[in-house]
Amino acid sequence: MKHTEEPADFASIALDPATTAFFFDFDGTLAEIVDDPDAVTIGDDVRDALVAIGEAAGGSLAVISGREIAAIDRFLSPLTLPVGGAHGAERRSVEGDVHRTEFDSGDLDRLAARVEGFAREYPGTSVETKRTSVALHYRRNPAAEEECVALARSLAEEYPSVSLLAGKMVLEFKFSGRTKADVIADFMAEEPFSGRRPVYFGDDVTDEDAFRVMPRWDGVSVKIGEGPTEAGYRLADPSALHAWMKRLAQGPGR
Ligand SMILES: O=P(O)(O)OC[C@H]1O[C@H](O[C@H]2O[C@H](CO)[C@@H](O)[C@H](O)[C@H]2O)[C@H](O)[C@@H](O)[C@@H]1O
């Protein structure tokens, strides 16, 4: 269902963790956006809330990110949660089993070399090369946006099987056809997620795929921050989400 109205304030609905499956996007949702993609931090209070909510939900809690599972583990250490990583191309289940989409990485290596060459010419831009995608960041050189977009369009034509994602000051070349919606469907088909009502929190364009799939399970979609969205609800920013998580973690009546 496409929402044409402004999303409602999420604070207006009550969720029972005993019957809910929780899905959290990472950057811009659990973590505040920062200039350096490697400099993200997560407070102990947020880690504690994730643990408490996960326990109250019988383990039905996962992080869904464009980042790889290893990066999410590093930022959330010592927690190792169920994760849908690399925009859906990899998944670690509640049991700890890791599923990865396999593909021939030759094109990815060639494309990454081109993007790295570009980044050397534009100081402040940087390249994040993952197993199934290449991200060109320009948050530290916003003036280079036009050149970054021109490169991205030209590479998208050259590599027609690649999906181009325009995120928050990042252009990402995705080689896997999987999306966040696919990885959520995988979680929802398994215990302890199956039969529950999902709630998905996200802030960026790739989260819209997840928002759109929520009605399949009568789920709830929550956009973090400003901007157009198909989500049904909105919270102002990651701090507002953290405050909500901490209240939920404390239990009913708090
Ligand atoms: O799906 P997500 O968990 O939201 O990941 C999306 C991308 O997030 C990261 O980049 C963004 O966050 C950085 C840190 O705050 C910021 O510097 C950058 O401008 C943002 O685009 C991450 O680096 C990417 O790999 C993810 O795909």
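This is a predicted model: local features need pLDDT of at least 70, side-chain atom pairs count only at pLDDT 80 or more; totals for chains, interfaces and linings use all residues.
Which residues of helix H7 are buried? Residues are numbered from 1 along each chain as its sequence is written, and side-chain values use heavy atoms, with hydrogens and water left out.

The buried residues of H7 are Pro238, Leu241, His242, Trp244, Met245 and Leu248, where buried means under 20% relative accessible area, exposed means over 50%, and partly exposed lies in between, using a 1.4 Å probe and protein chains only. These residues lie on the same side of H7, because they cover an arc of only 165° around the axis, the arc being that of the directions from the helix axis to the C-beta atoms. They pack against strand E2 (20-25), helix H1 (44-56), strand E11 (197-202), strand E12 (220-224) and strand E13 (233-235), with contact meaning heavy atoms within 4.5 Å. Helices (H or I, at least four residues) and strands (E, at least two) are DSSP runs, numbered from the N terminus.

The length of H7 can also be checked. Its 13 residues, 238-250, should span 18 Å at 1.5 Å a residue, and the end C-alpha atoms are 18 Å apart, which agrees; the expected span is 1.5 Å times one less than the number of residues in the helix. After H7 comes Gly251, whose phi is positive, near 100°.

From the helix we can turn to charged side chains. Side chains of opposite charge can pair when their charged atoms come close. The structure holds 18 salt bridges, each being a side-chain nitrogen of Lys or Arg within 4 Å of a carboxyl oxygen of Asp or Glu. One of them joins Lys246 to Asp45, with the closest N and O atoms 2.7 Å apart. This pair links distant parts of the chain, since Lys246 is in helix H7 and Asp45 in helix H1, 201 residues apart. Lys246 is partly exposed, with a relative accessible area of 32%, and Asp45 also counts as partly exposed, at 37%.

Another salt bridge is formed by Asp25 and Lys180, whose closest N and O atoms are 3.1 Å apart. Asp25 lies in strand E2 and Lys180 in helix H5 (residues 180-188), so this pair ties together parts that are 155 residues apart in sequence. Both Asp25 and Lys180 are buried. Lys180 also meets Asp207 in a salt bridge, at 2.8 Å from N to O. Because Lys180 lies in helix H5 and Asp207 in helix H6 (residues 207-213), that pair ties together parts 27 residues apart in sequence. Asp207 is buried, as is Lys180, and Asp25, Lys180 and Asp207 are linked in a network of salt bridges.

Finally, the protein is divided into domain 1 (8-101 + 178-250) and domain 2 (106-174), with bounds that come from an automatic or database domain assignment. The C-alpha centres of the two domains lie 26 Å apart, and 20 residues of domain 1 are in contact with 13 residues of domain 2. Between them the domains bury about 1,300 Å², 51% of it on carbon and sulfur atoms; buried area is the accessible area (1.4 Å probe) that two parts lose on being put together, summed over both. In domain 1, Asp35, Glu68 and His87 lose the most area to domain 2, together 31% of what that side buries. Across this interface the rule finds three salt bridges.
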